[in-house]
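Thank you all for making time this morning. I would like to walk through one model with you, going from a surface feature to a covalent link and then to some backbone details.

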Amino acid sequence: MKRIVIFLFSFFLLINTGFGQAKKPTLMVLPSDAWCNSKGYMLEFDNQGTKEKIPDYKRAFQEDLDLINVVSKINEIMAQRGFPLKNAETVLKSLAAESAEDNMTTGKTKGGSIAESPVDKLKKTAKADIILQLTWDVLATGPKKSVRFNLQGLDSYSNKQVAGAQGTGEPSFSAEVAVLLEEAVLSKMDNFVTSLQSHFDDMFENGREVVIRIKKFDSWSDDLEKEYNGKQLGEIIEDWVQANTVKNRFSKTDYTENMMLFEQVRMPLYDASNKALDTRNFVRNLQKLIEAPPYSIPCKLTMKGLGQATLTLGDK
Amino acid sequence: MKKLSGVIIVVVAFLLSGLPTHSAFAQAKKKANKDTEDWRYEVECAGVGKEGTYMIKVWSYSKKPQVAMEQCKKNAVHAVIFQGFAGGGQGCTPQKALTNNPALEQEKADFFAEFFADGGKYMKYVSTANDGAIGAGDRVKVGKEYKVGVIVTVAKDNLRKDLENAGIIKSLTSGF
């Protein structure tokens with residue numbers, strides 16, 4: 001009886017670990033800066049004497065019906081493919097509501113408010129792992145109109161375009177812009193999804209492409225050039241990255257005594273126990289190494305989405 | 001009795017006269033299927049179809065125009081799965097194939113042999129536009145063969161979904 005129980009337990013354990021699922025990236029459609037600028041959906045502010053413009057997504061979603069239709073069509077197609085997108089308009093609304101709720105929340109007995117560091121505040125923006133950046137304009141030749149359409153899938157961490165579809169539709173005398181836009185979405189989405197699929201295939205084969213930053217607090221008296229058994233700390237970190245990446249793939253973009261930047265780091269999607277990894281879990285192992293003897297350096301680990309982690313040395 | 005044997009002779013002669021035609025038709029069909037396997041067909045976009053469909057024009061070859069016309073349906077589904085097609089006029093956008101695995105046809109040979117058999121499952125996803133009527137210039141005699149162009153509609157969303165469910169092609173979410 002005992003044997004049967006052990007067998008069943010190991011069997012279910014095997015099933016559980018055997019079907020590990022990779023962390024699913026989040027996707028969100030946003031209009032491009034160029035589109036917002038051409039439509040006048042921009043916010044202008046004075047940045048220490050320099051006038052700067054940033055896109056006003058809230059106004060764009062409140063006022064542009066064509067934008068809502070296009071975003072909704074893309075969302076619908078992606079949901080049919082089993083990949084529902086985050087809806088930017090709803091994300092913006094829930095961020096505003098969450099902020100208001102945080103301001104109003106106080107503890108019942110001690111009257112404390114919600115703890116929020118300046119970094120936490122900065123991180124409260126609409127974000128996704130892959131941004132589907134949307135641009136279109138209407139071209140006119142005499143009475144004929146056509147739509148030039150461009151959809152780019154941009155990876156938020158590597159800043160690379162991982163998918164794309166673009167082109168100009170057939171000019172029409174009579175069709176309305178809304179119809180031309182729908183036609184553009186319908187005819188371009190298959191190619192877009194195919195290129196996104198190729199990106200995912202590459203990710204499963206060669207690992208997720210992420211960015212790792214190493215920094216130091218200025219209160220820490222040592223730096224990355226400190227030597228341990230004839231090796232600099234920076235080299236020890238680099239060796240760890242090399243040993244733990246898929247096919248040893250990474251690029252060391254910057255290396256000074258104060259900071260290191262690793263780009264195009266191909267981290268595995270699963271750990272040794274077949275559990276899905278994000279960049280924080282991945283870099284956590286490096287943190288453990290550095291915090292343990294002989295280095296014994298306290299470190300602070302912060303993450304940004306699935307694909308970026310920063311390890312700051314010298315403090316917690 | 002003499003009368004009866006006369007009738008039998010007439011019936012046998014009638015059946016025998018039909019056999020060569022039937023055999024030629026079967027041979028033409030076999031050749032057309034071989035052409036599909038050898039990618040001997042041409043496909044071009046014919047317009048923007050309804051949502052979830054592709055409207056394409058397929059050119060097929062056969063000594064029998066009827067066979068070529070019928071083979072166009074099979075070739076259309078074959079092209080959508082393995083080849084994709086170029087864009088052009090009528091607001092057409094080039095479309096990639098449903099699979100990006102170049103060896104899929106060989107890897108899943110058993111599945112596709114059944115799928116593309118005469119009267120096979122491929123029929124579920126394809127229909128001819130204009131009731132199969134072809135334009136004046138769409139039936140061309142090339143040497144001993146006919147080259148026939150037919151506009152067909154392929155239900156690509158359904159086709160993709162069914163192939164994903166059957167585990168033949170990967171879905172966007174596979175692995176997540």
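This is a predicted model: local features need pLDDT of at least 70, side-chain atom pairs count only at pLDDT 80 or more; totals for chains, interfaces and linings use all residues.

Let me begin with A:Glu257, which is found in the loop between β10 (251–255) and β11 (260–267) of chain A; helices (H or I, at least four residues) and strands (E, at least two) are DSSP runs, numbered from the N terminus. Residues are numbered from 1 along each chain as its sequence is written, chains are lettered from A and ligands numbered from 1 in the order in which they are written, and side-chain values use heavy atoms, with hydrogens and water left out.

A:Glu257 has a relative accessible area of 33% and is therefore partly exposed, where buried means under 20% relative accessible area, exposed over 50%, and partly exposed in between (1.4 Å probe, protein chains only). On the surface, A:Glu257 gathers with A:Glu225, A:Glu227 and A:Glu235 in a patch of negative charge. For such a patch, the residues must have over 30% relative accessible area and no salt bridge, and like charges are joined within 9 Å; a salt bridge here is a side-chain nitrogen of Lys or Arg within 4 Å of a carboxyl oxygen of Asp or Glu. The place of a Glu charge is taken as CD.

Turning to the cysteines, how many disulfides are there over all chains? The count comes to one, with a disulfide taken as a pair of cysteine sulfur atoms within 2.5 Å, and the pair in question is B:Cys45 with B:Cys92, at 2.1 Å from S to S. B:Cys45 lies in strand β1 (residues 42–47) of chain B, whereas B:Cys92 lies in the loop between α2 (65–82) and α3 (104–107) of chain B, so the bond ties together parts that are 47 residues apart in sequence. The torsion about the S-S bond is about -75°, which means that this disulfide is left-handed. B:Cys45 is buried, at a relative accessible area of 10%, and B:Cys92 is buried at 10% as well. Over in chain A, A:Cys36 is buried at 0%, and A:Cys299 is buried at 1%.

As for chain A as a whole, its secondary structure comes to nine helices and 13 strands, and its C-alpha trace spans about 75 × 65 × 50 Å along the principal axes. Of the 316 residues in chain A, 38% are buried.

A:Gln264, in strand β11 of chain A, has a positive phi, near 50°, and is partly exposed at 37%. A:Asn274, in the loop between β11 and α9 of chain A, also has a positive phi, near 70°, and is partly exposed at 26%.

Finally, A:Lys316 lies in the segment after β13 (308–313) of chain A, and is exposed, with a relative accessible area of 57%.

Methods
Patches are made of residues with over 30% relative accessible area and no salt bridge: like charges are joined within 9 Å, nonpolar side chains (Val, Leu, Ile, Met, Phe, Trp, Tyr) within 5 Å. Accessible areas come from the Shrake-Rupley method with a 1.4 Å probe; for residues, only the protein chains shown count as cover. Lys and Arg count as positive and Asp and Glu as negative; His and the chain ends are not counted.
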